[in-house]
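Please look over the structure below before reading the briefing. The points after it are grouped by topic.

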Amino acid sequence: MARRKKIYEGKAKILYEGPEPGTFVQYFKDDATAFNAQKKDVIEGKGVLNNRLSEFFMQGLTNIGVPNHFIRRINMREQLIRQVEIIPLEVIVRNFAAGSLSKRLGMEEGTALPRPIVEYSYKNDALGDPMVSEEYVVAFGWANQQDLDDIVSLALRVNDFLSGVFYAVGIKLVDFKIEVGRIWDGDFMRLIVADEISPDSCRLWDVKSGRKLDKDVFRRDLGDLADAYSEVARRLGVLPAQTTHLTKPTLIN
Ligand SMILES: Nc1ncnc2c1ncn2[C@@H]1O[C@H](COP(=O)(O)OP(=O)(O)O)[C@@H](O)[C@H]1O
Ligand SMILES: [Mg+2]
């Protein structure tokens, strides 16, 4: 069997050439990184959980008409996706203060924001993904004003969807980031949600206890990351109720 072509290896995932033009296979690794990869570890089972959770959220978005790159899951660690031209931005939506916003403004983590706030970081590891304004995005040609309007609208639809899905299982969506990419239908360009939606890219707090169920568990050494992600998957019905992540997570269907 011919070896497939690796397109890109990032910190958490690998992209391979897909079976048809315009598709990629996205492979989820167990690697965890934080603080721009200064902190690293291998968390057994994380890739399997994120593959399944990202499928769950992207499929949900498809069901409510929010365009995204997900086509289908292939196996425990891989999914087939539409190839896009990634806009080099992390599009961040915040509902409650946390992380860099809390630091920047001296605001206590968990403070409710007056409305969802959308912000952008320039995706560049060497620079540590610096925050940029819309002015920068347009001036440097990463996206134009119309694209930005579409990006904000996508981001807020994703926010409403995710906030509701998480709230229904007792989890508060504090903030999250998405990536957006361009696809072409002939001469027409559309922006769709790409990359992943998982506890790696969201801040998730248990509504009652405030327990963190996201990558902050790893960033801040708060316990077992795969335990936290398994808890999220279990509540969403993605893992059977009695399963622990130890050795290999068992997937439903
Ligand atoms: N549908 C897609 N088409 C093309 N590139 C994508 C798509 N979805 C995600 N990507 C890119 O693939 C990479 C995923 O690997 P990841 O480990 O997250 O990388 P990074 O370390 O750059 O964040 C990212 O660079 C992301 O921008
Ligand atoms: Mg990434």
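Two strands pair if DSSP finds at least two bridges between them. Helices (H or I, at least four residues) and strands (E, at least two) are DSSP runs, numbered from the N terminus. With these terms, F176 stands opposite C202 in β14.

This is a predicted model, in which local features need pLDDT of at least 70 and side-chain atom pairs count only at pLDDT 80 or more, while totals for chains, interfaces and linings use all residues. Residues are numbered from 1 along each chain as its sequence is written, and chains are lettered from A and ligands numbered from 1 in the order in which they are written.

**Overall form**

- The protein chain contains six helices and 14 strands.
- Its C-alpha atoms fill a box of roughly 55 × 50 × 35 Å along the principal axes.
- The radius of gyration, taken over C-alpha atoms, is compared with a globule rule of 2.2 Å times the number of residues to the power 0.38. For 253 residues a compact globule would have a value near 18 Å, and the protein chain agrees because it has 18 Å.
- Residues 6–235 are 30% helix and 36% strand, with the end C-alpha atoms 34 Å apart.

**Two domains**

- The domain assignment gives domain 1 (6–84 + 225–235) and domain 2 (85–206); such bounds come from an automatic or database domain assignment.
- The C-alpha centres of domain 1 and domain 2 are 17 Å apart.
- Contact (C-beta atoms, placed from the backbone, within 7 Å) links 21 residues of domain 1 with 26 residues of domain 2.
- On the side of domain 1 that touches domain 2, α1 (46–63) and α6 (225–235) are the elements that give two or more residues. The most come from α1, with seven residues.
- By class, that side of domain 1 has 13 nonpolar, six polar and two charged residues. Ala, Val, Leu, Ile, Met, Phe, Trp, Tyr, Cys and Pro count as nonpolar, Asp, Glu, Lys and Arg as charged, and the others, Gly among them, as polar.

**Strands around β12**

- β12 and strand β14 (residues 202–206) run antiparallel and are joined by five bridges.
- Seven bridges pair β12 with strand β13 (residues 188–194) in the antiparallel sense, and G181 stands opposite I192 in β13.
- The hairpin of β12 and β13 has two residues between the strands, and G186 takes a positive phi near 60° there.
- Strand β9 (residues 89–96) runs antiparallel to β12, with four bridges; R94 has D175 in β12 as its bridge partner.
- Strand β8 (residues 85–86) is also antiparallel to β12, with two bridges, and I86 stands opposite G181.

**Other hairpins**

- Strand β1 (residues 6–9) is joined to β2 by three antiparallel bridges, and the hairpin between them passes through three residues.
- Strand β4 (residues 31–34) and strand β5 (residues 39–42) pair antiparallel over four bridges. Their hairpin has four residues between the strands, and F35 in the turn has a positive phi of about 50°.

**Around ligand 1**

- Which residues are closest to ligand 1? They are G10, K11, K13, H69 and A194, from a shell of 17 residues. A residue is near a molecule if its C-beta atom, placed from the backbone, lies within 6 Å of it.
- Ligand 1 lies between domain 1 and domain 2, because both give residues to its shell.

Definitions and conventions. Contact = placed C-beta atoms within 7 Å.
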